[in-house]
Structure formats: structure tokens, C-alpha cells
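Here is a short briefing to read alongside the structure.

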Amino acid sequence: MPYPDHALDVPEQTAVAAAAASAPSVLNSQPWLFSTGPQGVEVHADPRRAPTATASARRDVYLSCGAALFTVRAALARLDRAVRVSVLPEAGDPLLVARVTVTRDGGDPEAAALYRWVGDRRTNRHPFRPEPVPAGVLALLGGAAEHEGATLRRLDAEPEYQRVLTLIRRASLAEDDAVREDGADRLTGVPPAVPVENLGPVPRRDGTDGGAVRDLAPDLALPGRGTAAFEPHPELAVLETAEDGPASWVAAGQALQRLLLEATGHGIAASFANQPLEDAELREEVSSSAAHFGHPQMVLRMGYPLTRPPAAPRRPQHEVLRRVGR
């Protein structure tokens with residue numbers, strides 16, 4: 001039986017998968033696989049790529065796949081395709097994160113507009129300019145998160161701001177040796193998961209950096225890394241969901257990518273300070289506030305970048321893409 005006119009041809013399938021593979025992932029682990037065909041795309045988890053087991057390891061895989069899922073939606077919208085999305089559609093297959101089915105012509109114009117920033121988005125671990133992100137832009141980012149069923153809680157008041165900064169520092173100091181060893185293996189592999197130019201400089205611990213920058217290589221002497229003072233009062237926000245489970249983690253990943261693309265369009269970059277979310281007890285403390293809206297999934301540092309790093313390396317397409325139904 002012939003496919004309808006709105007079916008995806010092979011070049012379109014390839015383009016959608018390539019876009020999805022550019023999504024952000026925890027430690028650039030890229031824990032996903034894609035099945036594409038004329039009728040749409042499936043996003044599968046690849047837990048072999050997950051970082052060393054922490055309290056957040058399973059959640060991080062679903063979050064990363066959620067970010068890839070939103071990118072699939074944006075790429076299909078850019079191709080003027082409307083879609084039906086089923087998250088975790090098969091109870092017996094937890095690795096099938098989502099099925100995206102093309103239903104007709106006429107894509108989501110808002111998602112299509114965000115697609116233009118897919119190639120420009122970067123996780124930026126370099127210093128940001130000290131100027132604040134305007135309230136209007138932050139409101140837009142909050143709206144992007146809400147569109148996907150999440151909340152972006154800005155840390156804009158004391159003592160909450162310092163409380164979360166303290167949790168970030170505590171988690172960094174208490175990081176498990178196995179986690180550090182896993183990170184070192186990823187950073188010194190061939191090719192490294194995060195090259196030196198993407199790591200950013202070593203934070204200058206002189207009280208001027210605000211403490212919100214995660215140094216992924218604290219025990220490694222990597223050539224080419226200098227030191228730098230970071231912005232004294234970084235813009236911090238917590239991405240939260242009302243529930244806490246695989247479906248909510250996928251929603252948080254979609255919200256993350258949607259707001260990051262919106263931010264990129266406004267010249268805003270982001271990095272992540274998720275150290276306290278990798279510890280079950282500290283994660284509870286991140287959420288223990290009168291302003292608590294839900295379960296914390298990501299801690300974001302945002303601002304206007306001084307440096308634009310290159311795109312982080314991606315897995316070869318033959319590793320992540322499988323075609324079906326040709």
C-alpha cells in the first residue's frame with residue numbers, strides 16, 4: 001500500500017535524526033537511538049551510554065531522550081508535518097521512550113520557528129557577562145517550560161539563592177570517587193565526550209565566581225585550559241515537574257530543549273549545575289522551599305556568553321539511526 005503524500009522520504013528521515021542527535025544530554029552521553037520510517041520516528045533509550053550509576057542516572061537518560069524528542073518535533077514541524085506523540089507507548093518496553101507519528105501536512109509553527117536555533121544551541125561552561133537576563137526573557141523561558149508541562153523556578157531571592165548555591169558546593173565536594181573516575185574516562189577518551197574547548201576554563205576560586213559553574217575535570221590537568229573569574233551573581237533557575245517518574249522526566253527533557261532553543265534565540269546561553277540532583281538527599285533539599293512547585297529535574301545557570309564554544313562531538317549516525325518500513 002502506498003504511503004500518503006505527507007510521509008517522510010529518506011533524506012527527511014536523515015535530517016530529522018541528525019537534528020535530534022544534536023540535543024543536549026547529561027555529560028554529552030547521548031543515550032539515545034532513533035528508528036525512522038515513512039510514518040515517523042521512534043526515540044529509544046540507550047542505557048549503555050548512561051554515566052556512572054548515581055541517584056540520577058536513570059532519570060538523566062530519560063531527560064536526555066526527552067530533549068531529543070522535542071528536537072524531533074521541531075524538525076518535523078520545520079518540514080511542515082503535523083504529528084501525534086506517544087510517550088512511553090508500550091508498557092513492556094521501557095526503552096521505547098516515544099513514538100512520533102506523522103499525521104498530515106501542516107506543522108506546529110511555534111516549534112518550527114524554534115528549529116532555526118537547533119544548530120546554534122550550545123552548553124556553555126565559559127564565563128558569562130555580569131548583566132542580568134531581562135525579566136521579560138525569563139518570562140518567555142518560563143512559558144516555554146510550562147508549554148511542556150514543567151515549571152522554571154527562578155532563584156531570584158534570598159535566602160533561597162544562597163541555599164541552593166551551598167547545596168551545589170556541598171555536592172561538588174562530596175562527589176563519589178566512582179563518578180569522578182567515570183568523568184575522567186569520558187574526558188580522556190578518544191574522542192573525548194567533552195573536548196577541552198567545551199569544558200571552559202577552570203573557575204578561579206577567589207570568591208569571585210559565584211560557585212555555580214561545574215568543573216567537569218577537577219582532578220585532570222588538561223592542556224589548553226586556563227583559569228577565569230566567572231560572573232559574581234549567576235542567574236540560576238530550577239526546572240521542576242509536578243510528578244516524578246519516567247513520563248515526567250521525558251516531559252522535563254522536552255521542556256529543557258524548548259526553553260534552551262528559546263533562550264538561544266534571545267542570545268542567552270546555559271550550563272548546568274546538577275550536582276545536588278545526583279544525590280537523593282540533596283535533591284530533596286533543592287526542592288524543600290516554600291516556593292516549591294514540584295520535583296527538581298535540572299539546575300540551570302544562564303546568561304549572556306562572552307565565548308561561543310564549538311558544537312560538542314556527536315556519535316556517528318550509523319550508531320544511532322535504524323531505518324524501518326522502507
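This is a predicted model: local features need pLDDT of at least 70, side-chain atom pairs count only at pLDDT 80 or more; totals for chains, interfaces and linings use all residues.

**Overall shape and packing**

- A compact globule of 326 residues would have a radius of gyration near 20 Å, and the protein, with 19 Å, agrees with that.
- Along the principal axes, the C-alpha atoms fill a box of roughly 70 × 40 × 35 Å.
- Of the 326 residues, 55% are buried.
- Taking contacts between residues at least 6 apart in sequence, 78% join residues at least 24 apart.

**The cavity**

- Rolling a probe the size of a water molecule over the atoms shows where empty space is left.
- The largest cavity has a volume of about 80 Å³.
- By class, its lining has five nonpolar, three polar and four charged residues.
- Among the lining residues are Val26, Leu27, Pro51, Thr52, Thr54 and Ser56.
- The lining also includes Ala57, Asp60, Val179, Asp182, Arg214 and Glu278.

**Helix H2**

- How far apart are the end C-alpha atoms of H2? They are 32 Å apart, which agrees with the 32 Å that its 22 residues should span at 1.5 Å a residue.
- Because 20 of its 22 residues are buried, H2 is largely enclosed by the rest of the structure.
- After H2 comes Asp80, which has a positive phi, near 65°.

- Where does Pro310 lie? Its place is in the loop between strand S10 (295-303) and helix H10 (317-320).
- With a relative accessible area of 38%, Pro310 is partly exposed, because that class runs from the 20% limit for buried to the 50% limit for exposed.
- Leaving aside residues up to four places away in sequence, Pro310 touches Arg122, Glu197 and Asn198.
- Pro310 and Ala178 are 132 residues apart along the chain, and their C-alpha atoms are separated by 29 Å.

Definitions and conventions
Residues are numbered from 1 along each chain as its sequence is written. Side-chain values use heavy atoms; hydrogens and water are left out. On a 1 Å grid over the protein atoms alone, a cavity is a set of points where a 1.4 Å probe fits but cannot get out, and a pocket is an open set with protein on both sides within 12 Å along at least five of seven lines; lining residues have an atom within 4 Å of a point. Grid points are joined across faces, edges and corners, and a volume is the space filled by probe spheres set on the points. Ala, Val, Leu, Ile, Met, Phe, Trp, Tyr, Cys and Pro count as nonpolar, Asp, Glu, Lys and Arg as charged, and the others, Gly among them, as polar. Helices (H or I, at least four residues) and strands (E, at least two) are DSSP runs, numbered from the N terminus. The expected span of a helix is 1.5 Å times one less than its number of residues. Buried means under 20% relative accessible area, exposed over 50%, partly exposed in between (1.4 Å probe, protein chains only). The radius of gyration is taken over C-alpha atoms; the globule rule is 2.2 Å times the number of residues to the power 0.38. Contact means heavy atoms within 4.5 Å.
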